[in-house]
Amino acid sequence: MFIGEYQHNMDSKGRVMIPSKFRDELGAVFYVTKGMENCLFIYEEEEWKALANKINAANQLSRKEARGFARLFYAGAINAELDKQGRILIPANLRNYAGIERETYILGVGNRIEIWSKENWDNYVNDDDLNYDNLTDKIMDLNI
């Protein structure tokens with residue numbers, strides 16, 4: 001399980017360090033794709049396969065929304081590996097989507113890792129509707 005919040009800078013080649021606590025669980029091959037709220041999602045291989053099975057099962061040709069989600073989710077995805085220094089190369093299209101220029105936040109979010117630009121993360125955590133108390137009230141029906 002991925003947990004924690006880390007700050008790392010992206011280098012001029014588009015590489016960002018993955019926290020050492022995440023590397024072993026992430027494995028040799030993993031997947032990066034566009035996430036919600038303009039961040040990037042990273043899934044280890046088994047979690048990616050499980051998610052892909054769910055998306056593929058829901059991707060009925062008769063449902064426009066399911067087709068659209070599958071297109072956006074898969075088209076933005078890359079198969080990635082860590083280099084010897086524990087970095088990943090984030091392609092320009094994914095950097096642009098997430099607004100990542102230099103400073104990043106790397107979050108452990110249970111079954112995935114998220115990469116945020118500093119600006120997007122700061123805006124997200126400072127949104128009054130998304131404070132911890134308000135969110136807790138809104139998700140009480142999930143039995144957490």
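These notes cover helix 2 and the sheet it lies across in a predicted model.

1. Helix 2 spans residues 45–58, 14 residues in total. From first C-alpha to last it reaches 20 Å, close to the 20 Å expected at 1.5 Å a residue.

2. The N-terminal end of helix 2 is capped by E44. A side-chain oxygen of E44 lies 2.9 Å from the backbone nitrogen of E46.

3. Which residues of helix 2 are buried? They are W48, A52 and I55. Seen down the helix axis, these buried residues fall within an arc of 65°, so they line one face of helix 2. The face turned away from that buried side carries the exposed residues E46, N53, K54 and A57.

4. What covers the buried residues of helix 2? The cover includes strand 3 (30–34), strand 4 (40–44) and helix 3 (64–75). Helix 2 lies across strand 3 and strand 4. Against strand 4, helix 2 runs at about 105°.

5. The sheet is open and has 6 strands, in the order 1-7-8-4-3-5. Pairing is antiparallel. Strand 1 (2–9) and strand 5 (78–80) are the edge strands, each pairing on one side only. Neighbouring strands of the sheet are turned by 25° against each other on average, direction ignored.

6. Strand 3 and strand 5 run antiparallel and are joined by 3 bridges. Y31 stands opposite N79 in strand 5. Strand 3 also belongs to the cover over the buried residues of helix 2, while strand 5 sits at an edge of the sheet.

Terms used:
Residues numbered from 1 in each chain as written. Predicted model: local features only at pLDDT ≥ 70, side-chain atom pairs only at ≥ 80, totals over all residues. Heavy atoms only, no water. Helix = DSSP H or I, 4+ residues; strand = E, 2+ residues; numbered from the N terminus. Expected span 1.5 Å × (residues − 1). Buried < 20%, exposed > 50% of the residue type's maximum accessible area, 1.4 Å probe, protein only. Arc of directions from axis to C-beta. Contact = heavy atoms within 4.5 Å. Polar contact = N/O pair within 3.5 Å; in protein donor to acceptor, adjacent residues only side chain to side chain. Pairing = 2+ DSSP bridges. Axes fitted to C-alpha atoms, helices over the stretch in contact; angles between N-to-C directions.
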